[in-house]
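Q: I'm new to this one and would like a close look at a single part of it. Could you walk me through the aromatic rings?

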Amino acid sequence: LLLQSPSKLDYIFHGGRHVRPYYFEFISHVNKRWTGKTIVDLFADEFKGRPREYYIGAVKSGRIKVDGEIVPVSYIVKSSQKITHFLHRHEPPVMIDDVVILHQEPDVVTVCKPASVPVHPCGQYRKNTVVGILDAEHDLGTLFPIHRLDRLVSGLLIIARTAAKADFFRQQIEGGMVKKRYIAKVIGVFPEDEMIVDANINYNGSEGRSTAEKGKPACTKLTRIDTNGTHSLVSCEPVTGRTHQIRVHLQYTGHPIANDPLYLNFSIDPMCTNCPKLIPQGYEDEALWLHCVQYSGTGWEYECPYPSWA
């Protein structure tokens, strides 16, 4: 993919952080699953965010090319061919909160990630990401995120500034030497005694959600911090790091995160174009009541302040 580095002028603040639309060229290579499809079928099947008629027009006009050449809409793609898609990109807005730098060293920087902002380029997001915003607003050079937080989750994010420091953190994470702590605001009065949840996590990529059933082993330690009789503030220490693990394990206890759009309701309609991946028109993100507060390893520890809802 081709993209100039973000700058401060790329952003507009109006009820959220918006990115000025920009031209962008995706570059990909035909994989095994794509081989044998027509160029239009490939895009219509794999990239459902736009209607088939758009892809027909894009191929005819040369916005979609194969190996740099304009091809007919009936063209059948072959393995390893280069596909380019030149388009006018409109990124979804994110919440207006700043990416706050908490701690800065020559080889590491820690930030408080706002809810709704992805860590790095993915899906519909390129400039409206933590890495993109830091690039635009701070002169930090090349950045190496060493762990991720879900887009809707806020809190501590550790970013290495050198490849060597990134390797140092990754080795400790992969070696099981890193402890993580989150806080969550859940429904109901959470039990007073510490609770260990051992429930396998199965992530369904097509639905974008996980369930506590046959899947990968997962363990989370949960401890009530406080309760007001309606909600409880819970400390969550994931021993493993599965997708949506804390959200699913809290749901498993009968105390889901109180404003979780996925795990308060199982009503996912597979025919719905907004459920759960696309952002509906006019939709405004809300900070999920799940926040990363601490990471620690051998000889180091970083913390992030509690959010306002806690």
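How many aromatic pairs does the structure hold?

A: Keep in mind that this is a predicted model. The structure holds 11 aromatic pairs, so let's take a couple of them slowly. A pair of aromatic rings is described by the distance of the centres and the angle of the planes.

Start with Tyr-23 and Phe-86: their ring centres are 5.4 Å apart and the planes sit at 0°, so this pair is stacked. It ties together distant parts of the chain, since Tyr-23 belongs to strand S3 (residues 22-29) and Phe-86 to strand S5 (residues 82-89), 63 residues apart. Phe-86 is partly exposed, with a relative accessible area of 34%.

Now for Phe-169 and Trp-300, an edge-to-face pair with 5.0 Å from centre to centre and 85° between the planes. This pair also links distant parts of the chain: Phe-169 is in helix H4 (residues 163-174), while Trp-300 is in strand S17 (residues 300-303), 131 residues apart. Both Phe-169 and Trp-300 are buried.

Aromatic rings gather in a group as well: Trp-34, Phe-43, Phe-47, Tyr-54 and Tyr-55 make up one aromatic cluster.

Arg-89 has its charged end over the ring of Phe-24, 5.1 Å from the ring's centre. Over at Trp-289, it's Lys-185 that lies over the face, at 4.4 Å from the ring centre.

Methods: Residues numbered from 1 in each chain as written. Predicted model: local features only at pLDDT ≥ 70, side-chain atom pairs only at ≥ 80, totals over all residues. Heavy atoms only, no water. Phe/Tyr/Trp six-rings, centres within 6.5 Å; stacked < 30°, edge-to-face > 60°. Helix = DSSP H or I, 4+ residues; strand = E, 2+ residues; numbered from the N terminus. Buried < 20%, exposed > 50% of the residue type's maximum accessible area, 1.4 Å probe, protein only. Lys NZ or Arg CZ within 6 Å of the ring centre and 35° of its normal.
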